[in-house]
Amino acid sequence: MESIQGKYFSITDPQGVSTVIYRINKTEKEYLQNAPKYTVERLISSEELKGDLKKKTFFIDEPEYEEQLVILSFGKEKVVVNMGILEENKIKISRKPVPIKFDTLYSEEETEYKEFKYTPNLKRPISIIDPETTEEVKPILYIDKETNEIKGKCKLKPYKSYFAFEIRDKKDEN
């Protein structure tokens with residue numbers, strides 16, 4: 001029987017706030033030439049109501065000693081972005097920020113957003129989130145015939161805002 005190695009931790013969201021957490025993965029050196037340096041992976045969570053509050057329990061499969069996390073708390077018309085580190089069984093909000101580029105996307109026409117590469121294990125550097133539902137916009141995958149790479153594009157609905165972010169290297173910040 002296969003066993004899963006991982007860690008659990010919980011946070012409590014106040015009413016009107018929904019938090020999602022992403023793990024930051026650094027791409028292995030052998031794949032770096034044809035892949036982004038960092039990818040993001042949304043953590044699986046379960047939710048239970050405690051009065052007006054929501055307790056969310058997040059799970060990290062096969063954690064490293066120190067995991068870097070992006071913590072996004074969606075409220076009415078705003079997103080609070082925090083960086084965190086999971087060490088042992090504690091989460092520490094990072095004082096040393098990781099370069100993160102984020103933007104609000106909006107269009108009055110149905111659009112396709114940004115072509116982006118995937119790593120060989122199908123991880124991607126960009127995540128686009130619907131702030132109303134906090135669900136990810138799932139990209140449409142395809143193989144670029146010219147480069148023979150797996151790429152993705154996201155279709156965005158008109159008259160709707162989206163939150164997009166990606167992890168960057170410090171030298172790529174601009």
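A residue counts as buried when its relative accessible area is under 20%. In this predicted model, D130 has a relative accessible area of 11% and is therefore buried. D130 belongs to strand β11, which covers residues 126-130. Leaving aside residues up to four places away in sequence, D130 touches E135, K160 and Y162.

We can turn next to the aromatic rings. A pair of aromatic rings is described by the distance of the centres and the angle of the planes. The count comes to 5 aromatic pairs. One of them joins Y8 and F59 in a tilted arrangement, with 4.8 Å from centre to centre and 45° between the planes. This pair links distant parts of the chain, as Y8 lies in strand β1 (residues 6-13) and F59 in strand β5 (residues 53-61), 51 residues apart. On which side of the cut-offs do the two residues fall, buried or exposed? Y8 has 61% relative accessibility and so counts as exposed, whereas F59, at 17%, counts as buried.

Another pair is formed by F74 and F163, whose ring centres are 5.7 Å apart. Their planes stand at 90°, which is over 60 degrees, and the pair is therefore edge-to-face. Because F74 lies in strand β6 (residues 66-75) and F163 in strand β15 (residues 160-167), the pair ties together parts that are 89 residues apart in sequence. Both F74 and F163 are buried. These two residues also belong to one aromatic cluster, together with Y22 and F165.

Strands of a sheet pair through backbone hydrogen bonds, either parallel or antiparallel. Here 5 strands follow the order β3-β2-β6-β7-β8, with antiparallel pairing. The edges are taken by β3 (38-42) and β8 (90-93); each has a single partner strand, so one side of each is left without a neighbour in the sheet. From one strand to the next, the twist averages 35°. At the β3 edge, the antiparallel pairing with strand β2 (residues 18-26) runs over 5 bridges. For R23, the bridge partner in β3 is E41.

Terms used. Residues numbered from 1 in each chain as written. Predicted model: local features only at pLDDT ≥ 70, side-chain atom pairs only at ≥ 80, totals over all residues. Heavy atoms only, no water. Phe/Tyr/Trp six-rings, centres within 6.5 Å; stacked < 30°, edge-to-face > 60°. Helix = DSSP H or I, 4+ residues; strand = E, 2+ residues; numbered from the N terminus. Buried < 20%, exposed > 50% of the residue type's maximum accessible area, 1.4 Å probe, protein only. Contact = heavy atoms within 4.5 Å. Pairing = 2+ DSSP bridges. Axes fitted to C-alpha atoms, helices over the stretch in contact; angles between N-to-C directions.
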